[in-house]
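This briefing covers selected local features of one structure.

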Amino acid sequence: MRISTGQMFQQNTNSILEKQSATNTIMAQISSGKKVNTAGDDPVAAIGIDNLKQKNALVDQFVKNIDYATNHIQQAESQLGQADTLVGSMKESVLRGINGSMTSAERQVIADDMRQSLEQLMSIANTKDESGNYIFSGNKTNSAPFAFDNNGDVVYSGDSGIRKSNIAAGVQVNTNVPGDTAFMNAPNAMGDYGVNYSSSQQGDFVVSSAKITNAATHVADVYTFNFVDDGTGVMNLEVSDSALPANIVTTAAPFDASVPVSFNGIEVKLTGEPKIGDSFSINEVAEVSIFDTFSKAIALFESGNDTQTPAGQSELAQLLNNIDSGVNQMSQQRSLTGNSLKVLQQYSDNHTDEKLINTSALSKLEDLDFASAITEFEKQQLALSAASSLFSKVSSTSLFDYI
């Protein structure tokens with residue numbers, strides 16, 4: 001077979017370029033430490049590498065979200081813990097103020113101390129995070145959630161919004177506790193109604209519960225309970241509505257404190273012994289605020305000796321029950337933050353394990369065996385050198401050398 005000079009040059013050039021390309025590929029692998037630098041190096045491995053890198057990138061984002069959520073939940077848990085301790089101290093002050101041997105001046109001291117504690121509780125509820133956002137304001141993070149209005153009552157300006165963070169595929173966790181849930185919306189310890197005792201009360205009694213028992217027949221209104229003489233010295237109870245003139249909605253004749261009073265879908269239970277001429281009213285209050293509860297206790301202590309009157313004693317009993325309800329509400333929210341922190345730690349550990357597995361698989365697909373690569377590099381370099389040397393000799397050969 002006859003080979004032309006042009007064909008010979010082309011074959012040798014292709015051989016040299018092929019060896020040079022193989023050498024450059026090995027050099028690139030050694031330089032990067034990876035055996036797959038482009039999809040052309042190993043298409044199947046390249047797909048696996050890309051998938052694993054995407055998984056690791058997603059895991060990294062989940063870990064960042066967990067760190068963010070953990071930081072904010074820890075702040076909420078810490079502040080709720082401080083609030084719980086402070087409220088416990090304030091409750092002790094209320095119990096101390098009930099002592100009948102105290103003077104009005106001593107109760108005023110307790111009231112002043114409680115007012116300072118109330119302002120401290122307000123400060124806790126208005127805590128900001130590291131970015132200057134209010135942690136108990138729901139979604140309205142730029143506005144202080146709690147403030148005193150012109151009447152001295154605490155109002156909530158935040159909302160009930162829950163901020164969430166994605167911590168795994170299809171898994172979200174709450175990153176905040178709305179202030180109304182933590183401090184404002186504690187269940188009314190009595191049920192669905194609150195009680196307003198009359199300052200003229202003489203009997204020693206307390207309304208222990210006032211609940212809606214039948215929503216279908218329930219009629220919302222402000223109801224007044226009057227203990228009246230039936231004309232023979234026997235005490236009856238008349239319950240009237242707020243109409244003018246008032247309508248009597250039910251009568252208990254004679255009144256028996258051991259028997260609940262039921263009317264308009266409402267059941268009211270009393271304990272103790274009311275007297276003829278006593279009265280009280282109830283109005284619908286499903287939830288109570290820990291701030292308002294303590295504000296009422298402070299006002300009662302500042303009113304002189306009202307705490308020692310039958311009405312004052314009855315109101316204090318109601319306030320103490322509502323304080324317990326508020327404490328339980330805060331403790332429940334704090335418990336939920338603790339559970340969230342446990343969940344976050346579990347998912348963080350899961351992501352750590354997942355990334356370790358992914359990284360190990362990634363290493364098997366793309367990490368270079370340097371010993372084998374250097375051996376291959378030397379082999380390719382030798383082949384390139386041999387091809388170049390051979391081409392140099394062949395290209396310089398001429399027919400005239402043999403004539």
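Pro254 is located in the loop that joins E10 to E11. In this predicted model, the peptide bond leading from Ala253 into Pro254 is cis, its omega being near -10 degrees.

**Backbone geometry in loops**

- A cis peptide bond also runs from Leu244 to Pro245, with omega near -5 degrees.
- Pro245 belongs to the loop between strand E9 (235-240) and strand E10 (248-252).
- Asn264 is not a glycine, yet its phi is positive, at about 45 degrees.
- The loop that holds Asn264 lies between E11 and E12.

**The three-stranded sheet**

- Three strands form an open sheet in the order E7-E12-E11, and their pairing is antiparallel.
- Strand E7 (204-212) and strand E11 (261-263) are the edge strands, each pairing on one side only.
- On average, neighbouring strands of this sheet are turned by 20 degrees against each other, direction ignored.
- Three bridges connect E11 with strand E12 (residues 266-273) in the antiparallel sense.
- Val261 has Val268 of E12 as its bridge partner.

**Packing of H3 and H5**

- Helix H3 (residues 104-125) packs with helix H5 (residues 290-301) at an angle of about 165 degrees, and their axes are 9 Å apart.
- Angles over 145 degrees count as roughly antiparallel, and H3 and H5 are therefore roughly antiparallel to each other.
- The crossing of these two helices, H3 and H5, is left-handed.
- On the H3 side, the contact is made by Arg107, Gln108, Ile110, Ala111, Met114, Arg115, Leu118, Leu121, Met122 and Ala125.
- On the H5 side, the contributors are Ile290, Phe291, Phe294, Ser295, Ala297, Ile298 and Phe301.
- Sorted by class, the contact of H3 with H5 comprises 13 nonpolar, two polar and two charged residues.

**Aromatic pairs**

- The structure contains 14 aromatic pairs.
- One of them joins Phe146 and Phe291: the ring centres are 5.1 Å apart and the planes stand at 50 degrees, so the pair is tilted.
- This pair links distant parts of the chain, since Phe146 is in strand E1 (residues 146-148) and Phe291 is in helix H5, 145 residues apart.
- Phe291 is also among the H5 residues that make the contact with H3.

How values were computed. Residues numbered from 1 in each chain as written. Predicted model: local features only at pLDDT ≥ 70, side-chain atom pairs only at ≥ 80, totals over all residues. Heavy atoms only, no water. Axes fitted to C-alpha atoms, helices over the stretch in contact; angles between N-to-C directions. Helix = DSSP H or I, 4+ residues; strand = E, 2+ residues; numbered from the N terminus. Parallel < 35°, antiparallel > 145°, perpendicular 65-115°, else oblique. Left-handed = near helix turned anticlockwise from the far one by under 90°. Contact = heavy atoms within 4.5 Å. Nonpolar A, V, L, I, M, F, W, Y, C, P; charged D, E, K, R; others polar. Pairing = 2+ DSSP bridges. Phe/Tyr/Trp six-rings, centres within 6.5 Å; stacked < 30°, edge-to-face > 60°.
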